[in-house]
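Dear colleague,

Please find below the structure that I am handing over to you.

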Amino acid sequence: MGRPSISAMLLCSMLIATPMVHCIAQGPKAVEDWFQNLSHKKEKVTKLHFYFHDNVSGKNPTAVQVAKANTTFTSPTFFGLVNVIDDPLTVGPEPDSTIVGRAQGFYGLDRLEQLGLIMTLNFVFTTGKYKGSTLSVLGQNQVLETYRKLPIVGGSGVFRLARGIATAKTNLFNLTTGDAVAEYHVIVIHY
């Protein structure tokens, strides 16, 4: 018996990696049908609570630098630094807490005079009734404020047409490593 072809291995890994969203058809026709029946659907409000672990240090960082300006490290706000993330979302603030999803995307330090981030990411849920669903975040994170409000601008799976607010509060910031844990309270309207 010979080795499987690369295309066969890719097909198998795509089938295995494709997330299954609980009882929601994903094909173009199913999405079209869902939209046609939208006027009969009732909006729901969902509240979520989790911790976002941004790990820039150690052997297995979940946030890595992908770009910087020539002046980034002479700027008091690290202006121009861009990190790509695949950060764990957990039930509690502890590093070994149960993972409920991932924050995947990027953030950049985008202010000259005050420390702040522009964040473009998805909360990708990997367990429970929201497994395979996402919420999309796009907004300013003024990290020195106690509470930061970030807009939820969309979603997929059970969160189709989502809109809402994610409120972040820093739980831990390690000045030596740069690692951080933020507590998130999310309120989202969806169908």
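Asp33 and Lys29 are both part of helix H2 (residues 28–36), where they sit four residues apart, about one turn of the helix. Please note that the model is predicted. These two residues form a salt bridge, with their closest N and O atoms 3.0 Å apart. Asp33 counts as partly exposed, at 29% relative accessibility, whereas Lys29 is exposed, with a relative accessible area of 52%.

The count of salt bridges comes to three. Another one brings together the side chains of Glu43 and Arg163, at 2.5 Å from N to O. Glu43 belongs to the loop between H2 and S1 and Arg163 to strand S8, so this pair ties together parts that are 120 residues apart in sequence. Glu43 is partly exposed, with 37% relative accessibility, and Arg163 is partly exposed, with a relative accessible area of 37%.

The side chains of Asp86 and Arg102 also meet in a salt bridge, at 3.0 Å from N to O. Because Asp86 lies in strand S3 and Arg102 in strand S4, the pair ties together parts that are 16 residues apart in sequence. Asp86 has a relative accessible area of 33% and is partly exposed; Arg102, at 22% relative accessibility, counts as partly exposed.

**Overall architecture**

The protein chain contains two helices and nine strands. Read from the N terminus, its elements run α-α-β-β-β-β-β-β-β-β-β. Of the 191 residues in the chain, 35% are buried. The chain exposes about 11,700 Å², and carbon and sulfur atoms supply 62% of that area. Among contacts between residues at least 6 apart in sequence, 51% join residues at least 24 apart.

**The nonpolar core and a surface patch**

Which residues touch the most other members of the largest nonpolar core? They are Phe52, Phe123, Leu135 and Tyr184, in a core of 30 residues. The elements that give two or more residues to this core are strands S1 (44–54), S3 (82–90), S4 (99–109), S5 (117–125), S6, S7, S8 (163–173) and S9 (180–190). S5 gives the most, with five residues.

On the surface, Val64, Val66, Val84 and Phe106 form a nonpolar patch, and together they have about 310 Å² of accessible area. One of these residues, Val66, lies in strand S2 (residues 63–67).

**Residues in the loops**

Phe78 counts as partly exposed, at 37% relative accessibility. For Leu161 the phi is about 60°, and the residue lies in the loop between S7 and S8. Leu161 is partly exposed, with a relative accessible area of 36%.

Gln142 is found in the loop between strand S6 (134–141) and strand S7 (148–156). Leaving aside residues up to four places away in sequence, Gln142 touches Arg111, Gln114, Leu115, Gly116 and Arg148. Gln142 and Leu115 are 27 residues apart along the chain, while their C-alpha atoms are separated by 6.7 Å. The relative accessible area of Gln142 is 26%, which means that this residue is partly exposed.

With kind regards

Definitions and conventions:
Residues numbered from 1 in each chain as written. Predicted model: local features only at pLDDT ≥ 70, side-chain atom pairs only at ≥ 80, totals over all residues. Heavy atoms only, no water. Patch = residues over 30% accessible without salt bridge, like charges linked within 9 Å, V, L, I, M, F, W, Y side chains within 5 Å. Areas by Shrake-Rupley, 256 points an atom, 1.4 Å probe, with all protein chains shown as cover. Salt bridge = Lys/Arg side-chain N within 4 Å of Asp/Glu carboxyl O. Buried < 20%, exposed > 50% of the residue type's maximum accessible area, 1.4 Å probe, protein only. Contact = heavy atoms within 4.5 Å. Core = buried A, V, L, I, M, F, W, Y, C linked by side-chain atoms within 4.5 Å.
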